[in-house]
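Could you look over this one with me? My notes are below, as numbered points.

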Amino acid sequence: MSGTGGAGGGRRPWLVAGVAVGVLTLVAALVATGRLPGGTDDGGDRLAEQAADARWAEGATPEWMSEQMGLGIPVTARSPRAAYEVTSRFDTGLLTFTLTRVEAEAYLKEHPPEGDWLEPTSAQTDVPPHDFAHFGLPEPETLKDGMRYGVVCPGAAEAALDPHAPGVDTSDASCVRLYAHAYTPTRTRIYLRDHYEPGISPLPTPPSSTPTG
């Protein structure tokens with residue numbers, strides 16, 4: 001009987017080693033896919049979870065969005081469109097319109113960026129369509145030719161010209177990301193994007209439905 005016990009004892013280290021290798025392999029696979037409890041999931045699950053609580057607010061007109069951003073829309077602008085997305089993490093305001101190349105240059109001069117206008121060295125191919133895709137447009141980060149962009153802080157230019165105005169702290173100011181894309185030889189599209197703390201009050205008023213009958 002001691003011989004049988006000895007034989008079983010002789011096999012046990014190999015069995016333990018095999019189980020240990022299997023467990024380590026399983027743990028590595030779970031970590032790689034982000035499914036290990038307490039692990040980090042940077043994949044589609046997180047994106048799906050974010051999208052689940054997102055909604056586009058009704059009634060976000062270009063005029064309302066322009067007021068929130070503090071940047072006017074030129075009267076000569078064509079195809080103005082706006083949207084406001086509400087999520088539990090932060091809200092996103094979007095505004096876009098087109099101008100002639102001459103009008104766009106005047107608009108950019110009127111609203112200078114913090115620093116210089118920048119030009120992308122390459123188009124970003126990994127930007128998922130979401131924000132401006134809401135209007136059927138490409139995301140500005142995916143464009144390279146004819147593109148300039150910068151951070152515009154409304155009120156900063158006016159304050160700089162007024163010697164009696166207090167200094168503007170752009171870290172506290174509501175600064176807007178502006179993209180200007182010269183998409184034809186004669187026209188430029190302006191893209192504006194801003195982020196806000198959740199729950200701007202009041203949100204845009206949805207258009208009232210006309211009663212029928």
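1. A definition to start: accessible areas here come from the Shrake-Rupley method with a 1.4 Å probe, and for residues only the protein chains shown count as cover. On that basis the protein has an accessible surface of about 13500 Å², with 58% of it belonging to carbon and sulfur atoms. Of its 213 residues, 30% count as buried (under 20% relative accessible area, with exposed over 50% and partly exposed in between; 1.4 Å probe, protein chains only).

2. Keep in mind that this is a predicted model, in which local features need pLDDT of at least 70 and side-chain atom pairs count only at pLDDT 80 or more, while totals for chains, interfaces and linings use all residues. Residues are numbered from 1 along each chain as its sequence is written, and side-chain values use heavy atoms, leaving out hydrogens and water.

3. Where pLDDT is low, the predicted coordinates should not be read in detail.

4. Now the layout. There are 5 helices and 6 strands, taken as DSSP runs (helices H or I, at least four residues; strands E, at least two) and numbered from the N terminus. Along the sequence the pattern reads α-α-β-α-β-β-α-β-α-β-β.

5. The 6 strands make an open antiparallel sheet, ordered β1-β2-β3-β6-β5-β4. Its edge strands are β1 (55–56) and β4 (147–152), each pairing on one side only. Two strands pair if DSSP finds at least two bridges between them.

6. Follow the sheet from β3 (residues 91–100), which 10 bridges join to β6 (residues 187–196); here Asp91 stands opposite Tyr196. Next, 5 bridges join β6 to β5, with Ala180 partnered by Ile190, and these two strands form a hairpin with 5 residues between them. Then 6 bridges join β5 to β4, where Val152 has Val176 as its partner.

7. Why is β5 largely enclosed by the rest of the structure? Because 5 of its 6 residues are buried.

8. Helix α3 (residues 62–69) touches β2, β3, β5 and β6, at about 110 degrees to β3. Helix α4 (residues 101–110) lies across β3, β4, β5 and β6, at about 135 degrees to β3. Axes are lines fitted to C-alpha atoms, for helices over the stretch in contact, and angles run from 0 to 180 degrees between N-to-C directions.

Technical notes:
Contact = heavy atoms within 4.5 Å.
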